[in-house]
Each structure stands twice: as structure tokens, then as C-alpha cells.
Amino acid sequence: MTREGWIRLAVVVAAIAALEVACRTGMIHRTVLLAPSEMAVSLWHILAAGELNTDILTTLRNVLMSAAISAVLGFACGAIIHALPRVRGAIEPLLASYYAIPTFMFYPIFIVVFGVGSQAIIAIAVLLSIVAMITATLTGLDRIPPVLRKTAHVFRMSPAARALMIDLPAAAPYLFTGVKLTFAYSLIGVIASEFILSGAGIGYAIAYAYNNFNNQRMYGLMLLVIIVAIAANTALDAVDRRLQSRLRR
Amino acid sequence: MRRMSDFLILIVALLVVWQGLHAIAGDTTLTSPAATFVKLGQLMRTDQFWGNVAETGQAFAMALVISLVGGVSLGTLLGLNRTSGVVSEPILIALYSLPKVTLYPLVLLCFGLGISAKVAFGAMHGLIPVALFTMKAIMQLKPVYLRTAQALRLSPAQVATTIALPAVLPEVMAGARLGFSLSLLGVLIGEMFASKRGLGFMINSAMGLGDIATIMAVAVFLSIFAVTANALLLLIDRAIPR
């Protein structure tokens, strides 16, 4: 590990230790925040008892579904928009300000259309995450070096062969960044929707525990979400960095 | 000019798609564009609606100021030293991609049910991207600028205000645009989950009543506001000489 890596680890450990001390000595009251060690114990009990396993699996499945749909659909939309410059000129200002639109406002509509269930949640998560993939696809296809296109021309490749053997590998690092963002936004979308209105999932379980003053369970589940989000992001980020460094070669 | 007309065609196309969806789904599921704008017009004549707008606007303005001031100063502080920048970047990215909704109960327990919880939640969403963009920009600053500063024996405060900040303004603007959207989202989600006032609460209560027209009217109102504000920020961004 690098020197910065060790310092980073030390900073995170110190922050958690400080929180632990503040909670144990009563500086932060128990009704506000539990000590990190207590959260971990609570999470362990939740997982061992297994009563929330279906909720946890539902959430993870929805996140993966939404990320997969957004990645595939976003890539397709991006490729089509890239091929039509005039459409692109019209859509680009909208894409630039898309994240300013509070997508969650449309969640009630999806509930009416799909009912309270996984479909409405996946739909809102896809709506939130697809634009990241579209933008990444556009950037990726823009950044293909012209020399590669010329090489394809010299070899007289068919458009299909060129797309598969030249364009896709050349744009892959950018596409992967899109996939990474898609996952992060899907997680946010799914959990936020479950939180606001739903009958299942981790977000619902946290909101339910909050409404019942069940701090133990609430903080255990929060810890779970934090661990899952950080672990997934770190893993995807490591792959992303490796691909990005390939670009600089 | 052609771009402008293309954009107008896009808006018309979106309205046509909306009308088409309305024809398929029916009045109870999705109100038509015309009905939505009529409803919005009715709402805009009531005092209650403007009361909610003021409530949300106040919380949003405070969250935005905290995000921008806090984010820029945090980003500058961390970015000026290379080690602290490299150490904190992955931490900030991890915090950014965290589903912060899960932490909302914690915010409520700390700040209570009121405007301060909404402001804190909005700021939580907006501060990190602003800090991240500022920090990255400062770390990629041309070394010659800093060497000039050294040659002129500027104090760290002078370096920040006269060299670093002007040089990173474009990136800070990009961060500010993201911070703007996310603070608004944070405040609205906060209101949807636990509040008795504001546009988020209005949507949530309309959701309980199955009042689709109100939901759509408020959503359209917010979208128009957000896209217009974003377009203005983009214009300011382009007007900055560089």
C-alpha cells in the first residue's frame, strides 16, 4: 500500500474511534446515535436471525436489475444519439441539466402505473441512472482516436466488424465509468424509493425501524447500506482506474 | 439559431410523447399536458402553494449557500496540499456515492423535525460534489502558478484568493451546478419523508390522496425551475473569460 493509502486508513480509523469514544462517554446521547461497535453487533444479529434477508435480497436484486437495464439501454440510446448529430444537438442541453430535475417527483406516477412493488422502484432507479450511461457512451464514442477509424478503413472492415473490434474496445474505459455511475445511482434510486413509499426492501426496513424508535435495528441496517455502497464502489473504482491507466499508455 | 429551433422541436416532441402516454394510460394515471398546466395555473393563484414554495425555497437557499461556501473552502483546503488531496479523494468519492437517504433518520434525530433538518440534508447532498470538483481542479493547477506565488511570497490566504480560486473557477462552476441540483433534491426528499410544509410535503400528501394532477403540476413547476436555473448557470459559465 502507498503512503497515502496508510494515511487514509489511519484517518478513517481515527474518525470511527472518535465516534466510538464520543458515544461511549455519553457526549452523544444514545437516542441520537449508537456507537459504531454497537451498530456492527446489531447488524450481526440482524444477519444471523435472517428475518430481514428477503428485504436485503429484494433491494440488491432491484439495484442489479436497474443497473443492468440502465447500462444496456443507456448504451443503446447513447449509440443512436451519437449517430444522429442533429438529434444530439437538441438533446445535449437537456442532458446537461437532467440531474437538476428532481426525478423522485415522478415516483408517485410510476406507483400508479406499476403498483407498489419492485417495478415502480426499478423504473425510478433506471430514470435516475440511465442518463449517466448515455453521457458516458457519448464521451466514449467521441474520444475514439481518428487513427483507429482510418485503420479500420484501410482494412476494409464492415461497419459491424468495426463496431465490435475497434469502437467497442476503444471506448470501453469510458463505458465502464458509465457502468460504475449507473450502479451508484441505481443504489441511491432504489433505496430512496423504498424509503418514501414501499412495502419491502432495506430502505423500507430502515424507515419502519425509524418510525418505531427501533434505533438498534435502524443503525444496523444503515451500517449495512454503507458497507455495501462503499465495498461495491471501491471494487468498481479499482477496475475503472486500471482501465483508465490503459488509456494513457 | 438552428440549435434553438432543434431544442424547441425536442420540447414539442416531449409534449407529444406525454400526450400519447396520457392517451394510453388514461386520466386517473397520468393527466394530459393541458390539464396539468391548467392545474398549475390554479395552484399558482392560491396562497397555500406560494407558502409551500417559500418554505422549500428558504430551505434550499440556505442549503445551497452552505454547500457552496463549505464545499469551496473544504476543497481549497484539501487541494492545496498534495498529500491531503490524495488521501481525501477516495473518501469524498465514497461519501458522494453513498445513498444519503439512509442517513436521514440520523439527521432528524440530530436536528429535530423542522427546517434545520431539511437544510442539513440538502447541504449533505450538495457540499461533497462542490468540494470534490474544487479539490480536483486545485490539484491539477499548473505548478508554474504556484511557483509564481512563491516567488512573490504570497501568504496562503493570498494564494487561495488571488491565484487558486480564479484559476479553478470553471471547474467550481461545474461543481456548483451539480451542487445546485443535488441540494434541491436533498431538500425535496427530506420534505417528502418528514415534513409538514413545503413542495415535497405537498407531493407526498397528494400521493396519499391519489391526486395525480397536483403531483404532475408541482413536478413540472420544479422541473422548469431547475432547468431554467441550470441554463442560467451554464450561461454564466460560458461568459467567464478564460
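Among contacts in chain A between residues at least 6 apart in sequence, what percentage join residues at least 24 apart? It's 74%, where a contact means two C-beta atoms, placed from the backbone, within 7 Å. Keep in mind that this is a predicted model, where local features need pLDDT of at least 70, side-chain atom pairs count only at pLDDT 80 or more, and totals for chains, interfaces and linings use all residues. Residues are numbered from 1 along each chain as its sequence is written, while chains are lettered from A and ligands numbered from 1 in the order in which they are written.

**Chain A overall**
- You'll find 10 helices and 0 strands here (DSSP runs: H or I of at least four residues for helices, E of at least two for strands, numbered from the N terminus).
- The C-alpha atoms fill a box of roughly 70 × 55 × 30 Å along the principal axes.
- Of its 249 residues, 41% are buried (20 or more other C-beta atoms within 10 Å of the residue's own, all placed from the backbone).

**Where chain A meets chain B**
- Chain A puts 44 residues into the contact and chain B puts in 47.
- On chain A's side, the elements giving two or more residues include helix H1 (3-24) and helix H10 (215-248).

Note on methods
A residue is buried if 20 or more other C-beta atoms lie within 10 Å of its own, exposed if 12 or fewer, and partly exposed in between; C-beta atoms are placed from the backbone.
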